[in-house]
Amino acid sequence: MASAADPALLERFRIIKHVILVLSGKGGVGKSTVSTQIALGLARAGKKVGILDIDLCGPSIPKMFNLENREIHQCSDGWVPVFADESQTLKVMSIGFLLKSHDEAVVWRGPKKTAMIKQFLTDTFWGELDYLVIDTPPGTSDEHISVVENLRQVKPDGAVMVTTPQGVALADVRKELNFCKKARLPVLGVVENMSGYVCPHCEECSNIFSTGGGEAMAAEFGVPFLGRVPLDSTLTRALESGTPFVDAFPQSPTWKAFEKIIAPLLALPERT
Amino acid sequence: MGLERPDDVPENAPEHCPGVESDQAGKAASCAGCPNQAICASSVPKGPDPDMNEVEARLAPIKHKILVLSGKGGVGKSTFTSQLAFTLAQDEATQVGVLDVDICGPSIPKVMGLEGEQVHQSGSGWSPVFVSDNVAVMSVGFLLGNPDEAVIWRGPKKNGLIKQFLRDVDWGDTEILVVDTPPGTSDEHLSLVQYLQANNITGAVLVTTPQDVALIDVRKEISFCRKVGVKILGVVENMAAFVCPNCKKESEIFPPTSGGAAALCAELTLPFLGRIPLDPRIARCCDEGKSFVEEHPESPAATAYKSVVEGIRKQLTSS
């Protein structure tokens, strides 16, 4: 899994302070949700943030920032990402911006996906960033190999691993942890998402997908446990409408959980 | 954007390879420097892949081949696949096969209670693992020495294994084969359609959750089915309303902001197969590898499963 140094890519990443990948072996555990909330939290802390969505067949990021129907523009410095907010602290890049309609399927085999990811990494004109958050599709295949291979030369800070507490998700996330080990990508920590649901009628908490599994797995693999995020329909709704959850519910237990997850990311040592 | 790269592109080909079956093979501008250029340019007419015939011969006795698809991950494809298989198999005369082509994240061994099982080789091919007398299962999970092992494979290698699954597994007298897939519209999906040939696939069942973020991916999967000519048997909405075990009141964890799967089906004139509520016991049964429909036959979720399966079965008998 070696690739030669690419000066164009090195130049792009020279002015990006931190690179964080959001991974999970399993689909639908909340990678895009966690990526979105991390990006919002970092931006709120005054950081310049970029978010790159490399889920080519099922990009969710444009919807979660209410940026559907936006387009990418080309300038002499490359592809200009889409701004997610008026103050222009949050920039977004996704294949969703390159498709003609929502319904259009990206029916691509591996080599074409690999080429696209390479292009995203070398051609996106992020400018200076404090953080680049990379959202990935489920699995350990073309997209993951490509992104890790291409980024090896710029030494990303590491990966945030998202899981849900039930066994069937943990089984896949264990594979992803082994992928990180093989790819020598540091694991920044594990997030246990969809942990418990509080009934809006009677406040009873049900562990729909069980609870505690993520923390136990983090301990077993000797990686940090970043925290537990409850199932929260107000969060789902915020993502559906593409409005920043933190603006509407800054005091909610769900946002407090994200703050706890983001704190160590804000304290990351400088990349060498 | 020109989206499709031809299916027949070698792994070491340049980015704009026209495909080895193309008229332009070996002659296009992008062929310059490709290690395969000489072979392509020699223009020996290539016969059809001989494996295609073997796949066809192997699977011809299986009456119905159903794909379980979804653009989005984690919506319950594997859960649905297992419950569909268990429910179909309640009729003891029906032999059911389950093929898991999610190479990087196989969940079927766990949700069907077969973790740690191995595949055996026999004179007639790979023997699947039997859950009961009439349910046979095959998954990459059975081929891994250690369940934590990551399968870090690029597309061509995944395609090779899928072909092997289709060509070499001895399904016996299986009547209905249910194929569980990974999320997306990429190598695994294209290979399945290519090897099975769209007209030999009975149809696809699409699984989604009610919120838009999942539905936008399902729309892509519908486009995929229509493009490659796979019939859509219908859409199932999973993780619909949650009933609190304490106060018995319903709430929507994944709210159907634009009307959920039912509205999508109405818009695109597709059969809506039904709505399956979120029941914590389903996740538990899956973790324990038990059949939810047998463990909790009286629950609303089991009733919902049965009605969805009945809807699918009706389409099978009429087709």
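# Reading an interface and its charged pairs

Biologist: Between chain A and chain B, 6 salt bridges are counted. What general idea stands behind a pair of this kind?

Modeller: Side chains of opposite charge can pair when their charged atoms come close. Keep in mind that this is a predicted model. A case that crosses from one chain to the other is B:Asp212 with A:Lys63, where the closest N and O atoms are 3.4 Å apart.

Biologist: Which elements of chain A give two or more residues to the side that touches chain B?

Modeller: They are α3 (61–64), α4 (110–123), α5 (142–151), α6 (167–183) and α8 (233–241) of chain A. The largest share comes from α6(A), with 9 residues. Sorted by class, this side of chain A has 26 nonpolar, 19 polar and 18 charged residues.

Biologist: How is the size of an interface often given?

Modeller: It is often given as the accessible area lost when the parts come together. Here the area buried between chain A and chain B is about 5,600 Å², and carbon and sulfur atoms give 57% of that. On the side of chain A, the residues that lose the most area to chain B are A:Val107, A:Arg109 and A:Lys175, together 15% of what that side buries. Residues in contact can also be counted: chain A brings 63 and chain B brings 64.

Biologist: How many salt bridges are there over all chains?

Modeller: The count over all chains is 27. One of them joins the side chains of A:Lys17 and A:Asp130, at 3.1 Å from N to O. This pair links distant parts of the chain, because A:Lys17 lies in strand β1 (residues 16–23) of chain A and A:Asp130 in strand β7 (residues 129–135) of chain A, 113 residues apart.

Biologist: Are these two residues buried or exposed?

Modeller: A:Lys17 has 45% relative accessibility, so A:Lys17 counts as partly exposed. A:Asp130 counts as buried because its relative accessibility is 13%, and the cut-off for buried is under 20%.

Biologist: Where does B:Arg275 find its partner in chain B?

Modeller: B:Arg275 forms a salt bridge with B:Glu237, and the closest N and O atoms are 3.1 Å apart. B:Arg275 sits in strand β11 (residues 272–278) of chain B, while B:Glu237 sits in strand β9 (residues 232–243) of chain B, 38 residues apart. B:Arg275 is partly exposed at 44% relative accessible area, whereas B:Glu237 counts as buried at 3%.

Biologist: Which residues are joined into one network by salt bridges that share partners?

Modeller: They are B:Asp49, B:Asp51, B:Lys163, B:Arg167 and B:Asp168. B:Arg167 belongs to helix α5 (residues 155–168) of chain B and B:Asp51 to helix α2 (residues 50–59) of chain B, 116 residues apart. B:Asp51 counts as buried, because its relative accessibility is 15%.

Biologist: What should I know about phi when reading the backbone?

Modeller: Most residues other than glycine have a negative phi. A:Asn66 has a positive value, with phi near 55°, and its place is in the loop between α3 and β3 (73–75) of chain A. Phi of A:Lys155 is also positive, near 45°; A:Lys155 is placed in the loop between α5 and β8 (158–163) of chain A.

Notes. Residues numbered from 1 in each chain as written. Chains lettered and ligands numbered in written order. Predicted model: local features only at pLDDT ≥ 70, side-chain atom pairs only at ≥ 80, totals over all residues. Heavy atoms only, no water. Contact = heavy atoms within 4.5 Å. Buried area = accessible area lost by both parts, 1.4 Å probe. Salt bridge = Lys/Arg side-chain N within 4 Å of Asp/Glu carboxyl O. Helix = DSSP H or I, 4+ residues; strand = E, 2+ residues; numbered from the N terminus. Nonpolar A, V, L, I, M, F, W, Y, C, P; charged D, E, K, R; others polar. Buried < 20%, exposed > 50% of the residue type's maximum accessible area, 1.4 Å probe, protein only.
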